[in-house]
Amino acid sequence: MKFFLCVFIVFAFSQTTFGQAKNTKKNLNDSHKTQTTPHRDLSTLNLPETYTFTGNGNWSAASNWDTNGMPPPGDAISPGSKIVINSTNPGSKCILDIPYTFPNTTNAVTLSVNAGSELVVPDLIVK
């Protein structure tokens, strides 16, 4: 009777009873596949960006800006974004050669000029 009870318990809790496959090498390799998700366009989320001026010369020259490029026009820049003037070369200047308006939002866009850098704003108009 004890033998029958032991066999019944082992059978009842074995993997095949619960419909589980044996751990074969093929099944282990298949179980670690990553799931791919469809591409989402994150530009519509209006996430804050940091735009860094690293060159010398005009604001409008794309080559003077770091990897995120030149900041978009004031009405298109995401709230909470930062514009940083960080020219590392001594005597470098960022010359604002195009009109640029900062948006009036609750999460303001910040403009900072790092030590050793210079921002030249001809015809400054503040409203």
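1. Ground rules. The model is predicted, so local features need pLDDT of at least 70 and side-chain atom pairs count only at pLDDT 80 or more, while totals for chains, interfaces and linings use all residues. Numbering starts from 1 along each chain as its sequence is written, and side-chain values use heavy atoms, with hydrogens and water left out.

2. Overall layout. You'll find two helices and six strands in the protein chain, in the sequence pattern α-α-β-β-β-β-β-β. Both kinds of element are DSSP runs numbered from the N terminus: helices are H or I with at least four residues, strands are E with at least two.

3. Burial and surface. Of the 127 residues in the protein chain, 19% are buried (under 20% relative accessible area; exposed is over 50%, partly exposed in between, with a 1.4 Å probe and protein chains only). The chain exposes about 10,100 Å², and carbon and sulfur atoms supply 58% of that (Shrake-Rupley method, 1.4 Å probe; for residues, only the protein chains shown count as cover).

4. Contacts along the chain. Take the contacts (heavy atoms within 4.5 Å) between residues at least 6 apart in sequence: 68% of them join residues at least 24 apart.

5. The sheet. Three strands make an open, parallel sheet in the order β1-β3-β5; strands pair if DSSP finds at least two bridges between them. β1 (50–53) and β5 are the edge strands, each pairing on one side only. From one strand to the next, the twist averages 15° (axes are lines fitted to C-alpha atoms, for helices over the stretch in contact, and angles run from 0 to 180 degrees between N-to-C directions).

6. Who faces whom. Four bridges link β1 to β3, and phenylalanine 53 has isoleucine 85 in β3 as its bridge partner. Four bridges also join β3 (residues 82–85) to β5. There, isoleucine 83 sits opposite leucine 111, and valine 84 opposite serine 112.

7. Threonine 52. This residue is in strand β1 and counts as buried because its relative accessibility is 15%. Leaving out residues up to four places away in sequence, threonine 52 touches Asn64, Trp65, Asp66, Val84 and Asn86.

8. Serine 117. Look for serine 117 in the loop between β5 (110–113) and β6 (119–120). Serine 117 has 14% relative accessibility, so it counts as buried too. Beyond its neighbours within four places in sequence, serine 117 contacts Ile85, Asn86 and Ser87.
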